[in-house]
Structure formats: C-alpha cells, structure tokens
Amino acid sequence: MASGMWTGMNGAIAQQQRLTTLSHNLANASTPGFKGVDPVFHQVPEDASKVGDIQQAPNTHLPIRFLPEDRLRVELADRVTDWRDGPLTPTGNALDLAVRGEGFFTVEAPEGLLYTRDGTMSLDQDGRMVTQSGWPVVDAEGQPIIVPPGSASIQIGADGRVTADDNEVGRMAIVKFANPAALERVGLSAFRNADPTVEALPTEARVEQGMLERSNVNAIDVMTTLIGASRAFEMNMRGIQAYKEMDDKAAQEVGR
Amino acid sequence: MIRALYSAASGMKAQQTAIDVTSNNLANVNTTGFKKVRANIQELLSQTERAPGTATSANTEAPSGIQVGLGARVASTQKQFSVGPVKPTGTGLDVAIMGSGFFQVTIPPAGEIGYTRDGAFHTDENGQLVNTQGFLIEPAITIPEGVVNVAVGQDGTITGQQEGQEVNLGQLQIASFVNPAGLLSAGGNLFQASGSSGQAVVGNPGENGSGQLEGGALEGANVQAVEEMIQLIAAQRAFEFNSKAVQASDQMLREIGQLR
C-alpha cells in the first residue's frame, strides 16, 4: 500500500475542509454583519524525526535522502476572519443600525459580554433594545438601554446616543479592539473577547440609523476558490486512483 | 490554469466596482451639486519568468521576456469636478457657483468644516442661514425678522429689504482647493478636507480662481446619463468576458483532473 495514497487522501480532505468553509460563507452571503472566514492550511511533519534523514536503501551503497515532502501532510491550521467592511445598505427602519468604521455593538449574552456588527435591533416587552438573538445592547457600564413603551420616535445619534421622544435614554457602547483577529467567533454574528487583559477601546466610528451592514462575502471570490478547490479535490482523487491501479497490477499480475 | 482563474476573478471584481460606481452616479442624476465618479482600473503586477534582455548566448540577448500579468484592480475612484448644469429656480436663497470652489458648513456636534456645492440654503428658527440638513453656513449669516426680498449677488453679498430700505446682510465665502479630487466624500452632499486635497483657501467669490455666484439658481449633477449607460454596458460585457475566462479555466482544470 503506497504511502502516496494517504497523501492523496490528505489533500482531498483538506480541499473538503476548504469547501465546508466556502459553503458556510456562501450560505451567509446576505446575513447582516457577517464576516467571511478564510481557512488557513499548513504542512505538518508526520514524524518529525524522519524529516531530512539520510536513509540507507536496502542492498545498495548509495544513501537515499527521503524528501521532506514525503513525510508531510496538510492540515487545517486556522480559520481566519476577514474583517473588511460589508456594504452598508439603507433600509429605512429606525431600529436598523450600522457601524460605519471600526467598531462593534456591545451586547449582554447569558455567558457574558459579546461584540457584534449585526445591527438589526428590536424592542422586547420591557422596552429594552435587543438584537435578533434577544441579547440586550448595553452602555459603557453594562446596563441595558430601555426605551419607554409607547415612544413615538426613537433617534440614534452617530455616537450611539439613544433618544426617545426627545429624551435621552442611554448611550450604546460602541467599542473597538487593537487586535480584532484575537476575538473568538461564537456564531450568530457575534464575537467574544476571551482574553481579560485585552481592553475594549473607544472608537470614532459613527452609528448610522436606518442602515444595515450586509455580509462582506464576495461571491466572485468564493465561486472561483470553489472551482479551484473542487478541481484540486478531483485531481487528488485521480492520484489515489492511480495508486489503486498500481496496487491492483502488483497484486493481480505480478503475483501470478 | 489557477493563475488564469484568479486573473479572471480579479477582472470581474474590478468591473463589479466599476458598475457600483456607475450605479451610484445614475442614482444621483438629480442630486443638487453632485459630482460624478469614475473608477480608474489598473493592471496588477506581473510575474517575471524571464526578464527581457537576458542573455541567450555569449553575444545575443532575448528581445522580449516572459512576463505574465495577474489581472486588474481598481486603482482609484476619481471625482470629476466639471460644473453641472445651472437651473434657475426663482428661490432667493438658492445659490449656484458658476465655476470652481465650495460653500462651507459647520458639521455638528464637533464643528468641523464640511464643503459642499449644494447651494439650497434655508433659514432656521433664529434666522441663521443653514443648509438642507440644518448645518450652519460658515461664515454665519443671520437674516433678521422683517427682511424680505433676500437676494445673493454675484460676489456673494446677501442683500434684503427692511422697511423699504436695502440692507447688507453679509457676504458668502468660497473655499478653493489645489486638488478637489482628493476631498473625502462625507455623504449628504458634503466633502471634508483630507491630506491629498490640500488646505482650503477661503475668499470672496471670484477670488483664488473660484467662480462667481448666481442667486436664485441651483447646480444640478454633472452626470451624463448617456455616458453612464454606455459605461454600464461596457462594464457588464467585460464582466461577461471575464466569466467566460473563469469557465474556460474550470474546463481545463477538469480535463487535467481526468487525464488517465
């Protein structure tokens, strides 16, 4: 059984993992506040001690150096978030918000504070401003923003100030991070700051009322990578098939 | 093959941005003072496999090399500052600039200066001159109660009539820039100065190369609908050609995958 067959399988699995991430991006091509994910692959030595070894081939005097590539396999190293801004589209809803610039809304989930760019807000039965997952938006002290029931107009200023019927009811905490790549993706378009030493910083980003930030997934990029990935998968399969044919020949014809 | 795939994808993305720009121009074909934008597309860098002029033997050189380009990208979206058509409206506080230059407004709450070509001015409850969004015009001009027949002269002086007497209410100032295309679009028909636009040079209308003012008129958008439609067709076809290149690459990759 040639080891090259396992290399082929390894490559095919890597392309499948790439395809999984691409499908996830495509599925979220119109999710507000969605940030695309790029898979990152790296090569891992099967057995680190064998890399670059000079091995004596049996019954010869010549050393055969195995190429390090024979002993490497491809592995999914990381899923990196693409932090580019998605397009901002006007919707006309007073409770649709978008952050223009670098910044997140701060929301309170049962497990702690989360950060999101998804600004589709609603009011719950107590008048708190909540996201579509039911998490209340909080201000700089962690208190929810409560809009008095029956308010005719809700205005949200560029700095996150919420005004209901000309009375200020709170100011949303819009924050940014020095290194957004360190934030953890928890799904539902939200991110968590897992490192307590990293602080949320104030930002000059403006909040736009009546607009939503759409997904930053570019369909053209996803489709062309998809073509590349599915063809690479096919070629890996052909490689495995070639090994199978060689083994078949060895087993069926040479052995006779 | 993979290079062709990604080159074609970059072409499609560049055309997509070009269509976005054209579409924005068309959406603003009736916006007062709107300046159309043009997407400048540039080729991406090339990979050199053999440089031209490499020696092919002891005393000969290759007359050309092997360089493969990697696609296209949008280098810049450039605002075109040609003057749009000026339409008389008959409203005394409508002003158009018959040439280059910008009106100045103060943007609340921080008070930074915004620049605009949109001269549809109004008075607020205190009689101060404001733009359509309610931002104060800089320098601040107040129209006292009881003043009628307000008109703007060619040099920017605003005059009115109070109890039969003519009164001078102030003079509008115009800001000029070395590189207006470098201004930042701030939305709401406003621009802001940036590092590449240069400093604003403020003066009376007609000074510093700025145009004189025309009261009772508004400047329309400088968008030519026909030109934008041709752009749209050209970009759409280029997008299609690039998608054919993507399909061809896909076919060829499939052929490779099926080699026996």
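How many residues does helix 2 of chain B have, and how far does helix 2 reach from its first C-alpha to its last? The legends below take up this question and then turn to other parts of the predicted model.

**View 1. Helix 2 of chain B from end to end.** The helix has 33 residues. From its first C-alpha to its last it reaches 48 Å, close to the 48 Å expected at 1.5 Å a residue. Its buried residues include B:E228, B:A235, B:A238 and B:N242. Also among them are B:S243, B:V246, B:S249, B:D250, B:L253 and B:G257. An α-helix has 3.6 residues a turn, so residues three or four places apart point the same way. The cover over the buried residues of helix 2 of chain B includes helix 1 (2–27) of chain B and helix 2 (219–254) of chain A.

View 2. Is B:N222 buried or exposed? B:N222 has a relative accessible area of 5% and is therefore buried, the cut-off being under 20%. A polar atom of the B:N222 side chain lies 2.9 Å from the backbone oxygen of B:Q80. Leaving aside neighbours within four places in sequence, B:N222 is in contact with B:F34, B:K35 and B:K36, and also with B:Q80, B:F81, B:S82, B:V83 and B:G84.

**View 3. The contact between chain A and chain B.** Chain A brings 13 residues to the contact and chain B brings 18 residues. The area buried between the two chains is about 1400 Å², and carbon and sulfur atoms give 57% of that area. Of the area that chain A buries against chain B, 40% is supplied by A:I220, A:R231 and A:R238, more than by any other three residues.

**View 4. Salt bridges and polar contacts between chain A and chain B.** Two salt bridges are counted between the chains. In one salt bridge the side chain of A:R231 meets that of B:D250, at 2.5 Å from N to O. B:D250 is also one of the buried residues of helix 2 of chain B. Three residue pairs are in polar contact across the interface. Helix 2 of chain A gives eleven residues, the largest share of the side of chain A that touches chain B.

**View 5. Chain A as a whole.** Chain A contains two helices and 19 strands. Of its 256 residues, 36% are buried. Among contacts in chain A with a separation of 6 or more, 67% join residues 24 or more positions apart. The accessible surface of chain A is about 14200 Å², with 53% belonging to carbon and sulfur atoms.

How values were computed. Residues numbered from 1 in each chain as written. Chains lettered and ligands numbered in written order. Predicted model: local features only at pLDDT ≥ 70, side-chain atom pairs only at ≥ 80, totals over all residues. Heavy atoms only, no water. Buried < 20%, exposed > 50% of the residue type's maximum accessible area, 1.4 Å probe, protein only. Polar contact = N/O pair within 3.5 Å; in protein donor to acceptor, adjacent residues only side chain to side chain. Contact = heavy atoms within 4.5 Å. Helix = DSSP H or I, 4+ residues; strand = E, 2+ residues; numbered from the N terminus. Expected span 1.5 Å × (residues − 1). Areas by Shrake-Rupley, 256 points an atom, 1.4 Å probe, with all protein chains shown as cover. Buried area = accessible area lost by both parts, 1.4 Å probe. Salt bridge = Lys/Arg side-chain N within 4 Å of Asp/Glu carboxyl O.
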